[in-house]
Each structure stands twice: as C-alpha cells, then as structure tokens.
Amino acid sequence: MNNYDLHKIEALIGYEFNEPMLLQQAFIRRSYAQEHGGQNNEVLELLGDSALSTAVIKKLAIYYGSFKNSGEFATRYQEGKLSKIKEKLVESSMLAHRIDQLGLADYLIMGKGDINKNIQEEESVKEDLFEAIIGAVAVDCEWDIDTIQDVVEAMLDIEYYLDNGFSDENNFVDLVQQWAQKAYHQIPLYEFEDNEEGFKCFLRLPDIDEEFSGEGYSKSLARLTVAATAYEYLEENDLLTTMRDEIGAPCEEKAVSQLQELAQKGYINFPHYTFIEDHDDNGNPLWTCICEIEGYDDSYENSCSSKKEAKRASAYEMLLDLLDDYIDEE
C-alpha cells in the first residue's frame, strides 16, 4: 500500500490520519503479519466494533428521539424496534456491502494463504475490515466522538438507509462516487460549512466548472442533498455511463468480476453464490453453483467438477440475461 492508496482511502472515509500507518494496519490480515512480521488488524477490529456500535446508537437517538415538554427524552420507536434497526445497520452483510460499495476490499494486505483462498470476497473478512478502519480512526483521533461519528456516517451512510428502507436505489452519494471513479479515477471531495440550520456541503467534480451545494441538519443529509443535485446535472447533460459502457463485451472467463463490477457501480445488488457438493457415479466431486441477485427474479445454476468453473458458468449466464434485459429496457 503506497501513499496514493492511503490518501485515496482517506478521501473515501472523510478523515485524514495523523499516523497513516494506523490506516495501513487496518488492512493487514494476520496471515500477512505472520509471514512478514509487524501488527495485524485484529485489535483495531475489536476497538472498532465498540466505536461503531456507539456511533450507530447515537445516530438513532438523534434521528428518532426528542425531548418532550416535560423535559423527558422519548423516541419514535420502542427499545425492541430500535434494537432491530441497529442490528440491521451493523450486521455482517451490511458492513460487507458497504465495503464493496466503497471498493475497500481491494486494498487488503494478505498473506499467501489468504490470497490463494480469494478470502477478500468473504463477508466476514469485509466486516472485519470495516470495524478495523473505524478502530484505526478511533485510536488516531484519541476517541473523539464527533470524529468517529462523521467517519461512521460517511462509511455506513446511516441516514440514507433510514430514509429509504435499506434500499440502495438512488443513493446519489454512491452513484456520484462511482461516476468519478469510472470516468476520472478520482474520489469526489466534499467540503462542509456550519450554518444556523445545520450544515452546508460543497462539491466540485472533475472537468465541470460548476460548484454544487446542498444543506441539511446533519453532514450526512447535506452530503446526500448535494450529491443528488450533482447527479441530476450529470444526467441532464448526458455525462453518465450505461451498463453496457461499464461491462463492455461479456466474457465467460471474467464473468464473476464483471458482475462484481456492475454491483460496485450500483447497477445491481451484489450476486450471491450457493454451492452444493455431490459426486458422480465414479465418486468424483461434482459442484453445483447457484447464482442469485436480490431483486432479480431469475437465478442460474451450473454443475462442474470444479467449484470455480461452476461459479464462473453460473455468473456468465446471469450476466448475459442481465444485459439482455437492460437492452430491452432501453
């Protein structure tokens, strides 16, 4: 991991480290530390788990709570419902999904064993990475709650999911980010200014003279507002890419990564693969892979002697069907 990578990650999470090596440590798997020495990310993961929980609870208290005329504090939902919302926000699948949305798993620093197992695709590994990054921020800022809160909200985008029922549709912060990364290999930078109503957010995009702005009672809402304005500008001026632009020609050898790329850019939900192990009449292993995408009715399955080949074949059929449907919709 070089300085450019570190700066890019800092821009993604909205925090500049005093000790950049702490950020790098958040990406170091134990397998790498065992082979090369030094520290891994496991302690940071533990710290980040607690910091994340506190930040999410604080956000829910602000979002759903208020003081009554009596001076008592009350929330829109009872303890049980709030607990379920909190669990949804910090569950493994959500944290892994946000790591995918931000493209951060690509920076994992792994030993040979992890690399051979392609372990960066595992949900639990991405969950660990999310928590380790929060832990690194907590240590670096000396547990300043406001700083931790800002990073958690930037990475998890809590307010968007609370407003939209945990759907990624029209998450303009992610959509603008994906456009900037695809078109210019850059991360959009947001600047904030306090005002009487809360916050004002400013955004400039590469090769576009106009400065966009938006307001909200929180940084998260101000960011979402300005991103929506910027995305509308891109759409109106035909500056957005299409799914066909992103994927190019479908390729069976690259089908798994092509589906992953479409998901990272917000066109589809992330594919889920289910594997079933069996044996043929001669006792040889036979793998069946089922490829499914949430929100998409069709699923595809293929059986091969190789687990990898079964996955690739199922992903390729799914990819072809997605592109056919997309062309029909156009």
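Colleague: How many bridges join strand E3 to strand E4?
Modeller: In this predicted model, 7 bridges join E3, residues 189-195, to E4, residues 198-204. The two strands run antiparallel.

Colleague: And how many residues sit between them in the hairpin?
Modeller: The hairpin formed by E3 and E4 has 2 residues between the strands.

Colleague: Which residue in E4 is the bridge partner of Phe192?
Modeller: Phe192 is partnered by Cys201 in E4.

Colleague: What order do the strands of the open sheet take?
Modeller: The order is E3-E4-E5, 3 strands with antiparallel pairing. E3 and E5 (211-216) stand at the edges with a single partner strand each, so one side of each has no neighbour in the sheet. Neighbouring strands are turned by 25 degrees against each other on average, ignoring direction.

Colleague: Which helix lies across E3, E4 and E5?
Modeller: That is H12, residues 219-236, which runs at about 145 degrees to E5.

Colleague: Switching to H4 and H8. At what angle do they pack?
Modeller: H4 (residues 42-64) and H8 (residues 123-140) pack at about 85 degrees, and their axes are 6 Å apart. That angle makes H4 roughly perpendicular to H8.

Colleague: Which residues in H4 meet H8?
Modeller: On the H4 side they are Leu44, Glu45, Leu47, Gly48, Asp49, Ala51 and Leu52. The H8 residues they meet include Phe130, Ile134, Ala138 and Val139, along with Asp128 and Glu131.

Colleague: How many residues of that contact are nonpolar, polar and charged?
Modeller: The contact of H4 with H8 has 10 nonpolar residues, 2 polar and 4 charged.

Definitions and conventions
Residues are numbered from 1 along each chain as its sequence is written. This is a predicted model: local features need pLDDT of at least 70, side-chain atom pairs count only at pLDDT 80 or more; totals for chains, interfaces and linings use all residues. Side-chain values use heavy atoms; hydrogens and water are left out. Two strands pair if DSSP finds at least two bridges between them. Helices (H or I, at least four residues) and strands (E, at least two) are DSSP runs, numbered from the N terminus. Axes are lines fitted to C-alpha atoms, for helices over the stretch in contact, and angles run from 0 to 180 degrees between N-to-C directions. Angles under 35 degrees count as roughly parallel, over 145 as roughly antiparallel, 65 to 115 as roughly perpendicular and the rest as oblique. Contact means heavy atoms within 4.5 Å. Ala, Val, Leu, Ile, Met, Phe, Trp, Tyr, Cys and Pro count as nonpolar, Asp, Glu, Lys and Arg as charged, and the others, Gly among them, as polar.
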